[in-house]
Amino acid sequence: MANARLLSLTLERFKSYSEATTIELSPLTVILGRNNSGKSSIIQALLLLKQTLALPRPEVPLHLEGFVDALNLREITYGRPPAGPDVPGPRIGLRWSSSVDMNAAWEAEGWPDRDTIARYTGSEWFSPTSWVSPRETVLSLELDYAEQAGQTVLKAVTLACYADAAAKEPEVRFGFTRQVTGEYVCSFWKGAYPASEGHAARTSAE
């Protein structure tokens with residue numbers, strides 16, 4: 001991945017952000033606002049992800065020690081909710097563009113083969129005929145956290161691929177949803193979520 005550029009950051013239930021709020025970013029972004037308006041929260045969300053990636057551990061989905069320190073997930077959740085069996089935590093979303101050598105990436109992964117994934121997804125994004133290398137891609141990643149029985153868990157992960165930076169709806173989405181057993185179910189959507197299901201579709205196994 002080369003020439004990667006962060007396009008936007010979306011925060012929900014994080015620090016001072018209650019409702020989902022998207023901050024559009026450009027090569028030069030200036031953040032202005034009154035005290036306690038959420039400026040620091042933007043930087044802290046990015047630092048939380050940075051310190052988590054710096055020390056990857058499967059049993060620790062979000063590192064709460066480092067650049068940003070917190071005793072528990074509820075401390076960085078909007079309203080600091082009380083402890084409970086299943087407390088919804090922050091949702092953090094990133095959207096970025098990058099240049100990817102698709103052929104090299106696929107060869108490095110080795111599985112599944114291109115024809116198989118193109119056939120099962122039915123998406124032109126994965127069609128071998130559309131694989132120009134390097135290819136300009138726009139991706140988004142959404143991480144949905146919760147505190148369950150006092151432990152921080154990653155309830156859902158959604159990865160989406162867009163035709164370009166101007167596209168409002170992705171061409172394809174891949175979702176990973178945590179089950180009560182602690183295992184994850186992988187789901188795939190092409191195009192928009194069903195309008196009748198709304199956000200619930202994001203965390204339903206298909």
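Visitor: In the hairpin of S6 and S7, which turn residue has a positive phi, and of about what value?
Guide: The model is predicted. Five residues lie between S6 and S7 in this hairpin. The turn residue with a positive phi is glycine 182, at about 95°.

Visitor: Over how many bridges do S5 and S6 pair, and what is the bridge partner of leucine 159 in S6?
Guide: S5 and S6 pair in the antiparallel sense, and the bridges between them number six. The partner of leucine 159 in S6 is phenylalanine 174.

Visitor: How many bridges join S4 to S5, and which residue in S5 is the bridge partner of alanine 146?
Guide: Strand S4, residues 135–148, runs antiparallel to S5, and 11 bridges join them. For alanine 146, the bridge partner in S5 is valine 153.

Visitor: Which residue in the turn between S4 and S5 has a positive phi?
Guide: S4 and S5 form a hairpin with two residues between them. A positive phi of about 50° occurs in that turn, at alanine 149.

Visitor: How many residues of strand S5 are buried?
Guide: Strand S5 spans residues 151–162, which is 12 residues. The strand is largely enclosed by the rest of the structure, because the buried residues among those 12 number nine.

Visitor: What distance separates the C-alpha atoms of threonine 21 and leucine 9?
Guide: Along the chain, threonine 21 and leucine 9 are 12 residues apart. Between their C-alpha atoms the separation is 8.2 Å.

Visitor: The backbone oxygen of which residue lies 3.1 Å from a polar side-chain atom of threonine 21?
Guide: The side chain of threonine 21 supplies the polar atom of this pair. The backbone oxygen belongs to glutamate 19.

Visitor: Where is valine 30 found, and is it buried or exposed?
Guide: Valine 30 sits in the loop between strand S2 (21–24) and helix H1 (39–54). Together with Leu28 and Leu32, Val30 forms a nonpolar surface patch with about 400 Å² of accessible area. Because its relative accessibility is 62%, valine 30 counts as exposed.

Visitor: How many helices and strands are there in the protein chain, and in what order do the elements run?
Guide: The protein chain has three helices and seven strands. From the N terminus on, their order is β-β-α-β-α-α-β-β-β-β.

Visitor: What percentage of the residues in the protein chain is buried?
Guide: The protein chain exposes about 12,000 Å², of which carbon and sulfur atoms supply 56%. Of its 206 residues, the buried share is 40%.

Terms used
Residues numbered from 1 in each chain as written. Predicted model: local features only at pLDDT ≥ 70, side-chain atom pairs only at ≥ 80, totals over all residues. Heavy atoms only, no water. Patch = residues over 30% accessible without salt bridge, like charges linked within 9 Å, V, L, I, M, F, W, Y side chains within 5 Å. Areas by Shrake-Rupley, 256 points an atom, 1.4 Å probe, with all protein chains shown as cover. Salt bridge = Lys/Arg side-chain N within 4 Å of Asp/Glu carboxyl O. Helix = DSSP H or I, 4+ residues; strand = E, 2+ residues; numbered from the N terminus. Buried < 20%, exposed > 50% of the residue type's maximum accessible area, 1.4 Å probe, protein only. Pairing = 2+ DSSP bridges. Polar contact = N/O pair within 3.5 Å; in protein donor to acceptor, adjacent residues only side chain to side chain.
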